[in-house]
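Thanks for making the time, everyone. Please have the sequence and the model open while I talk.

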Amino acid sequence: MKASPRFIVVLSSFLLLLISTRTSSVQLTRGFYSNICPNVEQIVRSAVAQKFQQTFGCDASILLASPNNKAEKDHPDDISLAGDGFDTVVKAKAAVDSNPQCQNKVSCADILALATRDVINLSGGPSYEVELGRRDGTLSTIASVQRRLPHPEFDLDQLNSMFNFNGLSQTDMIALSGAHTIGFSHCNRFSKRIYNFSPTNKIDPTLNLQYALQLRQSCPLRVDPRIAINMDPTTPQTFDNQYFKNLQQGMGLFTSDQVLATDARSKNTVNLFASNKSAFESAFIDAITKMGRIGVKTGNQGQIRVDCSKVN
Ligand SMILES: *[C@@H]1O[C@H](CO)[C@@H](O)[C@H](O)[C@H]1NC(C)=O
Ligand SMILES: *[C@@H]1O[C@H](CO)[C@@H](O)[C@H](O)[C@H]1NC(C)=O
């Protein structure tokens with residue numbers, strides 16, 4: 001079973017949710033629910049797996065650019081693709097709450113962390129233990145997201161300073177960028193690189209020319225903003241280390257991807273992850289575990305949301 005790229009929304013939401021505030025005193029633990037809701041991991045896993053099976057679109061046909069507006073992506077249901085990723089969390093939450101012992105005892109933040117792990121594993125990636133015990137926040141603002149999400153045009157210094165601010169190293173940052181092995185983006189995030197790079201170059205010279213020309217075909221100048229482009233053009237539905245091999249060939253979709261292979265300070269790590277999949281996987285697990293501790297609420301902070309989409 002291959003992962004639908006739609007599910008990467010779960011992973012992105014997880015990263016988004018976690019880079020929120022910086023307060024933490026009580027530590028997360030792996031066995032947090034062992035007395036409260038002992039089966040929580042299996043319940044979430046089977047809800048996520050079931051959602052995988054039910055969701056049509058496993059062949060990524062949804063992603064194909066459509067010359068005549070009759071492709072799968074033109075179906076009105078697909079205008080907002082974020083729906084499926086979020087629905088995975090809603091389904092998992094409902095499954096957890098249908099168990100009387102677990103009802104209203106497991107936070108949405110923890111369900112999201114578990115669902116992220118399950119999506120990675122169902123896409124062919126490694127499995128890892130998830131630290132639990134997060135409480136749900138009561139505040140969500142667009143401004144905090146904009147301040148804390150890496151921009152696709154970032155250079156290495158900008159990437160490092162954003163991750164370092166959250167206690168993550170350059171190696172963590174590179175490993176987490178490897179999550180671009182699945183998922184998609186929209187043309188406007190990189191169109192400058194293929195049409196209007198600089199006064200002297202129309203195309204970003206760090207971009208593989210053949211890949212740039214393919215991207216121009218998928219993203220014509222007057223592009224439908226709904227068109228989705230795989231971030232890993234080679235194995236878009238598999239969580240593997242292909243992303244780093246792509247970078248070695250100038251096939252990083254964003255400036256912030258490609259810079260990892262062109263800057264001398266990060267290049268060696270890219271080469272290591274490209275040549276050694278288990279080195280990538282173990283660095284990714286370390287990094288996502290560290291990221292999962294950032295800004296969490298624990299103990300009696302925050303709340304356990306009844307409905308993940310709104311504050312109680
Ligand atoms: C998924 O996780 C299980 C352990 O829970 C592991 O045995 C399996 O190898 C993982 N899948 C992949 C592709 O690594
Ligand atoms: C690949 O990385 C793993 C984990 O870091 C390490 O144990 C292994 O020796 C490396 N393999 C090679 C061929 O370098």
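What you see is a predicted model, in which local features need pLDDT of at least 70, side-chain atom pairs count only at pLDDT 80 or more, and totals for chains, interfaces and linings use all residues. Residues are numbered from 1 along each chain as its sequence is written, chains are lettered from A and ligands numbered from 1 in the order in which they are written, and side-chain values use heavy atoms, with hydrogens and water left out.

Helices here are DSSP runs (H or I, at least four residues), numbered from the N terminus. The axes of helix 7, residues 170–177, and helix 13, residues 277–291, come within 8 Å and cross at roughly 105°, where axes are lines fitted to C-alpha atoms over the stretch in contact and angles run from 0 to 180 degrees between N-to-C directions. Helix 7 and helix 13 are therefore roughly perpendicular, a term that covers 65 to 115 degrees.

Which residues meet there? From helix 7 they are D172, A175 and L176, and from helix 13 they are F280, A283, F284, A287, I288, K290 and M291, with contact meaning heavy atoms within 4.5 Å. By class, this contact has eight nonpolar, no polar and two charged residues; Ala, Val, Leu, Ile, Met, Phe, Trp, Tyr, Cys and Pro count as nonpolar, Asp, Glu, Lys and Arg as charged, and the others, Gly among them, as polar.

Turning to the ligands, ligand 1 is surrounded by N121, G124, G125 and S127, each with a heavy atom within 4 Å. An oxygen atom of ligand 1 is 2.6 Å from an N or O atom in the side chain of N121.

Ligand 2, in turn, is surrounded by N276, S278 and A279, and a polar side-chain atom of N276 lies 2.4 Å from an oxygen atom of ligand 2.

Technical notes:
Helices (H or I, at least four residues) and strands (E, at least two) are DSSP runs, numbered from the N terminus. Angles under 35 degrees count as roughly parallel, over 145 as roughly antiparallel, 65 to 115 as roughly perpendicular and the rest as oblique. A polar contact is a pair of N or O atoms within 3.5 Å; within protein, one must be able to donate a hydrogen and the other to accept it, and residues adjacent in sequence count only if both atoms are side-chain atoms.
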